[in-house]
Amino acid sequence: MAESAVSTIGSYLATRLQEIGLKHYFTVPGDYNLVLLDEMLKNAEMEMVGCCNELNAGYAADGYARATGGAAAVVVTYSVGGLSLLNAVAGAYAEDLPVIVISGGPNTNSEAEYELLHHTIGKVDYGYQREIFSHVTADAVMIRHSHEAPRQIDRAIETALRERKPVYLEVACNIASAPTSMPRPRRFEGPPTSDPLSLEAAVAHATELLNGAVKPVLLAGVKMRSWGAVDAFRKLADVSGYAVGVMPNAKGLFSEAHDSYMGTYWGPVSDEGCGETVESSDLCLVAGGTFTDYTTCGHAALLTPAKMIDVTPESVRMPGATYNRVALPEFLEALAGKVRANGASLEGYNRIRPEKKQLKAVTGAGALTTRQLFSCVQGMLEKDSAVVAETGDSWFNGINLDLPDGAAFEIQMQYGSIGWSVGATAGYALGAGKERRVIALIGDGSFQLTAQEVSTMIRQELRPIIFVINNGGYTIEVEIHDGPYNKIKNWDYAGLMEVFSAGDGNGLGLQAATGDELATAVDQALGHEGPVLIEVMIDRDDCSKSLLEWGARVARNNGRAPRV
């Protein structure tokens with residue numbers, strides 16, 4: 001083999017990651033992946049980002065994939081690293097994010113020579129990590145032969161991009177630097193295209209139903225993002241004139257400045273006028289929606305299949321018919337060229353449209369309230385802002401924010417893993433670059449799970465503004481089911497920034513217990529060129545009205561008695 005045609009497995013993998021658009025990858029080193037990292041570091045077009053632990057590295061990859069709209073990668077060591085990462089990968093799977101998981105693995109000779117190894121569960125069985133990851137990835141492979149590595153790597157990357165799911169690649173520690181083929185030029189395909197006959201039939205049927213409806217509406221769902229359907233949905237909204245709502249986890253996927261925008265449809269806790277308009281419509285087209293107990297407020301939403309065109313990433317379900325292998329963006333694009341304009345639902349909504357909320361002054365010497373806090377956050381938002389809302393009351397208050405056209409909003413509602421937002425904020429800020437200012441809204445209980453990743457933000461010279469809402473516990477759990485387990489030990493959250501900066505970083509920690517203090521802190525934060533953490537003191541029982549009702553309904557759904 002000519003020298004010019006030789007690569008190593010680690011270099012091959014790094015080149016493929018670069019070719020699909022990655023500029024960073026996240027890692028925690030361990031002895032099983034050190035040679036692999038050496039080989040990957042030879043690619044100067046990507047930056048290795050060391051994280052504090054594997055769980056946070058996975059959350060960072062999650063945020064990175066959201067920010068870039070593409071893939072992300074995380075590199076860990078075997079077993080102690082991989083199993084620590086698992087929860088974040090499960091979340092990426094649930095949220096349709098193509099995170100490429102790369103793990104170092106045991107020496108290829110160890111199993112044959114019947115060796116017990118460190119970092120394992122104490123059995124001569126080294127396939128268990130791959131097996132475990134197979135449940136939360138679209139493909140999970142172990143690379144043990146250099147001549148097979150190019151095929152396995154390419155297949156896994158293509159699967160991640162096609163299915164918008166994580167994949168798992170395990171590289172044995174003694175072959176990471178082994179010679180293999182150079183990466184040959186190729187194109188990696190994204191999600192599959194439609195079957196032309198199915199697409200044509202689905203569009204014809206949907207057009208007939210929509211043009212025959214009296215008050216049709218559109219509802220945006222979260223899966224539009226991963227399958228590249230946001231622009232096609234906007235086009236359909238423009239030409240149809242229908243009123244448009246968004247599901248809670250799809251906030252930010254449709255411009256809130258659009259004339260047809262009604263707000264968030266969330267069953268009983270929908271925005272005023274939006275819920276009534278959606279549920280009174282005789283036909284609702286839902287694009288990429290997810291109907292879980294969280295997004296439907298304990299399955300209390302009043303949408304029924306008899307009045308719905310449910311467009312999933314690869315199929316369309318209508319009353320009495322299902323069309324398979326129909327790609328979501330292609331369907332919406334084709335439908336936009338067929339439907340007639342019908343403004344009846346929008347006219348109806350406009351008759352009950354609530355008055356636009358007025359921004360209230362934040363100042364005051366009294367105890368700070370949640371309303372004051374989010375009024376302040378509202379005033380900070382610009383077209384280049386990105387809001388990351390942690391599981392908890394930040395969901396509800398964040399969803400109530402009015403996003404300027406171009407602003408982004410991120411939430412992990414399908415998986416709902418508390419602590420996700422700290423690592424995700426780091427990854428999102430890296431992926432988005434300096435063009436976006438990330439504003440993270442995190443409860444104190446969630447923050448305690450993953451706080452150390454703020455040090456990575458300092459190390460990488462990122463500049464998010466993090467609001468840590470100090471109300472003494474897990475507020476979302478309190479409203480679902482309270483108990484002593486929902487109380488936590490208080491921390492000096494603002495003081496952590498000095499600890500993490502450690503004399504050579506530019507993190508800034510601030511505290512605010514009144515409106516006046518919050519206004520002063522925000523002014524400082526906006527002028528600071530490093531990460532800023534603002535600890536805001538909020539009463540434990542000060543939460544949004546929507547959380548109270550949502551929590552009661554989710555609790556009722558969880559508490560159903562077993563059927564006899």
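**Terms and their grounds**

Tutor: This is a predicted model. Let us begin with a helix: helix 3 (residues 54-68) lies across strand 2 (24-27), strand 4 and strand 5, and runs at about 165° to strand 4.

Student: Which strands make up the open sheet whose pairing is parallel, and in what order?

Tutor: Six strands form that open sheet, in the order 3-2-4-5-7-6. Its edge strands are strand 3 (47-50) and strand 6 (140-143), each of which pairs on one side only. On average, neighbouring strands of this sheet are turned by 25° against each other, direction ignored.

Student: What makes strand 4 and strand 5 a pair?

Tutor: Two strands pair if at least two bridges are found between them. Strand 4 (residues 72-76) and strand 5 (residues 99-105) have five bridges, in the parallel sense, and therefore they count as a pair. Within this pairing, Ala-72 stands opposite Val-99 in strand 5.

Student: How do you know that strand 6 and strand 7 pair?

Tutor: The requirement is again at least two bridges, and four bridges join strand 6 to strand 7. The two strands run parallel, and Ile-143 stands opposite Val-171 in strand 7. In strand 6, Ala-140 and Met-142 point one way while Val-141 and Ile-143 point the other way, and all are buried.

Student: Which strands does helix 1 lie across?

Tutor: Helix 1 (residues 9-19) lies across strand 4, strand 5, strand 6 and strand 7 (167-172). Its direction is at about 170° to strand 5.

Student: Why is Gln-152 called buried?

Tutor: Buried means under 20% relative accessible area. Gln-152 has 10%, and therefore it is buried. Its place is in helix 6 (residues 149-163). Not counting residues up to four places away in sequence, Gln-152 touches Val-141, Met-142, Ile-143 and Leu-169.

Student: Why does Asn-471 count as buried?

Tutor: The cut-off is under 20%, and Asn-471 counts as buried because its relative accessibility is 10%. Asn-471 is found in the loop between strand 19 (465-470) and helix 18 (475-480). With residues up to four places away in sequence left out, Asn-471 touches Asp-444, Ile-538, Asp-539 and Arg-540.

Student: What makes helix 13 largely enclosed by the rest of the structure?

Tutor: Nine of the 11 residues of helix 13 (residues 370-380) are buried, and therefore the helix is largely enclosed. Among the buried residues are Leu-373, Phe-374, Cys-376 and Val-377. The buried residues of helix 13 pack against strand 16 (385-389), helix 14 (393-399), strand 18 (437-443), strand 19, helix 20 (515-526) and strand 21 (532-537).

Student: Which members of the largest nonpolar core touch the most other members?

Tutor: Of its 83 residues, they are Leu-17, Phe-26, Val-74, Ile-100, Ile-102, Ile-153 and Phe-447. The largest share of this core, eight residues, comes from helix 15 (residues 420-432). Apart from it lies another core, of 38 residues, among them Ala-202, Ala-250, Leu-285 and Leu-332. In soluble globular proteins, nonpolar side chains tend to be buried together.

How values were computed
Residues are numbered from 1 along each chain as its sequence is written. This is a predicted model: local features need pLDDT of at least 70, side-chain atom pairs count only at pLDDT 80 or more; totals for chains, interfaces and linings use all residues. Side-chain values use heavy atoms; hydrogens and water are left out. A nonpolar core is a set of buried Ala, Val, Leu, Ile, Met, Phe, Trp, Tyr and Cys residues joined through side-chain atoms within 4.5 Å. Buried means under 20% relative accessible area, exposed over 50%, partly exposed in between (1.4 Å probe, protein chains only). Axes are lines fitted to C-alpha atoms, for helices over the stretch in contact, and angles run from 0 to 180 degrees between N-to-C directions. Contact means heavy atoms within 4.5 Å.
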